[in-house]
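Dear colleague,

I am passing on the structure below for your files. My notes on its helix packing and charged pairs follow.

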Amino acid sequence: AGTALSAGAALTARHRGLAAEGGGTVTVTSDTAVLSLEGAYTTASGSGVDYNALADALRDMGLFQGTEAGDALGQNLTRAEAAVMLVRLYGAADGMAAQTYPTPFTDLSDWSKPYVSWLYQHGLTHGTSQTTYSPNDPITKQSYLLFLGRALGYADNDTATGKSFVSAADYQAAQGQTLTRGEAVSLTVDALFSTTSSGLAFSDVLIEQGAIDAETFALAAGDR
């Protein structure tokens, strides 16, 4: 016997649900849910961001990888995971695991150290103190916006005052907010379609540097 779900009840991952025959309607509210549907049905998409599609686009460009538990787009992005995404955005991830760079941070794991150290060496991160990066802490939305602004060539104050790809109001509204992996994917895509501080399309810069493939980016842009 199954369990009847009331309106607003949470669905359980990897469980099967049954809608009533004869015109039953099921509404799923989620930014990251992946549904497998069987039987006769019609679907209607909502107006929210399709984080799964954006994650697939970044993955095709080599800018995003999932976790052992899948893409986990609803989970908070850690500072270590953010470092990996940013190094990929710079096109510097190939062979990174075997690299060593000087760093003052003493709290890094073996897998995250090359990525964080690379960012530090290039002046792209300052850590949470002189000796810590706090890799397992959730990254705040403001911090990730600053990271992306730096990738676009903007000083932190320029990003905070709305001169990069995000408005000053949106930056201020992000204060204290954590960031899910799905939201980070969406912001990264926004940055890809933005211009650098020198007025160049960021995507063109990354293509020129070999960080992303022009054809793959064009296909992703067509789906956006």
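**Helix packing and salt bridges**

H2 passes H7 in a right-handed crossing (the near helix is turned clockwise from the far one by less than a right angle). The contact, meaning heavy atoms within 4.5 Å, is made by Glu81, Met85 and Leu89 of H2 together with Arg181, Ala184, Val185, Thr188 and Leu192 of H7.

This is a predicted model, in which local features need pLDDT of at least 70 and side-chain atom pairs count only at pLDDT 80 or more, while totals for chains, interfaces and linings use all residues. Residues are numbered from 1 along each chain as its sequence is written, and side-chain values use heavy atoms, with hydrogens and water left out.

H2 is mostly covered, as 10 of its 11 residues are buried (under 20% relative accessible area, with exposed being over 50% and partly exposed in between, for a 1.4 Å probe and protein chains only). What covers these buried residues includes H7 and the helices H3 (113–121), H4 (141–151) and H8 (202–209).

The whole structure holds five salt bridges (a side-chain nitrogen of Lys or Arg within 4 Å of a carboxyl oxygen of Asp or Glu). In one of them Glu81 pairs with Arg181, the closest N and O atoms being 3.4 Å apart; Glu81 lies in H2 and Arg181 in H7, so the pair ties together parts that are 100 residues apart in sequence. Arg181 is buried, with a relative accessible area of 3%. Asp158 forms a salt bridge with Lys163, with 3.9 Å between the closest N and O atoms, and Lys163 is exposed at 53% relative accessible area.

With best regards

Definitions and conventions: Helices (H or I, at least four residues) and strands (E, at least two) are DSSP runs, numbered from the N terminus.
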